[in-house]
Amino acid sequence: RRASQSVTDIADIYRWATAAGAGEVFFQSWGTDVDSLVGRAERLLDLGSKVILKFVANQAGASACRVFAARGQQTLLTAIYDPGQAMIAAAGATYIAPYLGRLNDAGRDGIAEVVTMQQVLTATGSATKVLLASIRSVSDMVTLAQHGIDCFTMAPAVAHDFFTDPTTAAAADTFEEAVRQTAREVLPG
């Protein structure tokens, strides 16, 4: 919606993402009951082999997720806000997507909640992975990576922050200045 796209644009989005090299393309099924969610998810799978089905972590979404997980289809339960929901996902979802920024906005300790989710998955022997969403800083990603979380989705501005360390920028300037001061000939080609 923020990108002025709708469900009628899903096929175009899939083609664009796979042409750009995406190995996985996540699409969320919609509906308020299991049958609607499953029917729409079936149509999403017709787009291609790189589709990962997303479902909201409510009762209908978790039930629909189990249908596809039982078939070996990769799935994601989204809008995970409680470690108990990670236990439900451990029953077969490939990924869970907690929203770190929204957890913090709700007055909760988002990092502690997500770490607990990771601990629940590890303790239950689940293969489900945390795919962290609503990330607002690189430092939060580093903190959570220290706890075993290795899948992240982030806005371009956050990705850009990986490259904004002032000490690195100063080092790059120093290297370039050294070349300018010592260059005696131009390299071929």
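Ala, Val, Leu, Ile, Met, Phe, Trp, Tyr, Cys and Pro count as nonpolar, Asp, Glu, Lys and Arg as charged, and the others, Gly among them, as polar. The exercises below use a predicted model.

**Exercise 1. The largest pocket**

Task: Describe the largest pocket by its volume, the residues nearest its centre and the classes in its lining.

Solution: 
1. The volume of the largest pocket is about 1500 Å³.
2. Its lining comprises 37 residues, and Arg-2, Phe-26, Gln-28, Lys-54 and Tyr-99 are the ones nearest the centre.
3. Two or more lining residues come from each of these elements: helix H1 (10-19), strand S1 (25-28), strand S2 (51-56), helix H3 (59-70) and strand S3 (75-80).
4. Sorted by class, the lining holds 22 nonpolar, 11 polar and four charged residues.

**Exercise 2. Phe-163 and its patch**

Task: Determine whether Phe-163 is buried or exposed, and state which residues make a nonpolar surface patch with Phe-163.

Solution: 
1. Phe-163 sits in the loop that runs between helix H8 (156-160) and helix H9 (166-182).
2. The relative accessible area of Phe-163 is 71%.
3. The cut-off for exposed is over 50%, so Phe-163 is exposed.
4. Together with Met-154 and Phe-162, Phe-163 makes a nonpolar surface patch of about 340 Å².

Technical notes. Residues are numbered from 1 along each chain as its sequence is written. This is a predicted model: local features need pLDDT of at least 70, side-chain atom pairs count only at pLDDT 80 or more; totals for chains, interfaces and linings use all residues. Side-chain values use heavy atoms; hydrogens and water are left out. Patches are made of residues with over 30% relative accessible area and no salt bridge: like charges are joined within 9 Å, nonpolar side chains (Val, Leu, Ile, Met, Phe, Trp, Tyr) within 5 Å. Accessible areas come from the Shrake-Rupley method with a 1.4 Å probe; for residues, only the protein chains shown count as cover. A salt bridge is a side-chain nitrogen of Lys or Arg within 4 Å of a carboxyl oxygen of Asp or Glu. Helices (H or I, at least four residues) and strands (E, at least two) are DSSP runs, numbered from the N terminus. Buried means under 20% relative accessible area, exposed over 50%, partly exposed in between (1.4 Å probe, protein chains only). On a 1 Å grid over the protein atoms alone, a cavity is a set of points where a 1.4 Å probe fits but cannot get out, and a pocket is an open set with protein on both sides within 12 Å along at least five of seven lines; lining residues have an atom within 4 Å of a point. Grid points are joined across faces, edges and corners, and a volume is the space filled by probe spheres set on the points.
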